[in-house]
Amino acid sequence: MKIVAGIDGGGTKTKVICQDLQGQTIAEERFGAFNLNSIDEEGFAALLKQIFGFLQSKGECVSLCIGAAGVSNPRMRGLGEQAGQRW
């Protein structure tokens, strides 16, 4: 099944919502802090691995939108791109 997903990444928690292509929510999950300024690079990489594993378990993610605290940290984009290439 093809899905789209949104990530609301905050300083204390992260919410991920998956929808089918008709806009029906099929799954939601909560994870820990997303802000790279609050967690170290290793923790951020582990969080991304959890999130991408969750998304894969729901289907083929064809579009992903991320709203995140800490995006002013230039390392966040690089780590996100590296993780996305692995998945």
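**Salt bridges and contacts in a predicted model**

The count comes to two salt bridges, a salt bridge being a side-chain nitrogen of Lys or Arg within 4 Å of a carboxyl oxygen of Asp or Glu. This is a predicted model, in which local features need pLDDT of at least 70, side-chain atom pairs count only at pLDDT 80 or more, and totals for chains, interfaces and linings use all residues. Residues are numbered from 1 along each chain as its sequence is written, and side-chain values use heavy atoms, with hydrogens and water left out.

Q: Which residue meets Glu-28 in a salt bridge?
A: Side chains of opposite charge can pair when their charged atoms come close. Glu-28 lies in strand β3 and its partner in strand β2, so the pair ties together parts that are 13 residues apart in sequence; strands are DSSP runs of E, at least two residues, and helices are runs of H or I, at least four, numbered from the N terminus. At 3.4 Å, N to O, the partner is Lys-15.

Q: What is the N to O distance in the salt bridge of Glu-41 and Arg-75?
A: Glu-41 is in helix α1 (residues 41-58) and Arg-75 in helix α2 (residues 74-86), 34 residues apart. Their side chains meet at an N to O distance of 3.1 Å.

Q: Is Thr-14 buried or exposed?
A: Buried means under 20% relative accessible area, exposed over 50%, and partly exposed in between (1.4 Å probe, protein chains only). Thr-14, in strand β2 (residues 14-20), has a relative accessible area of 0%, and therefore counts as buried.
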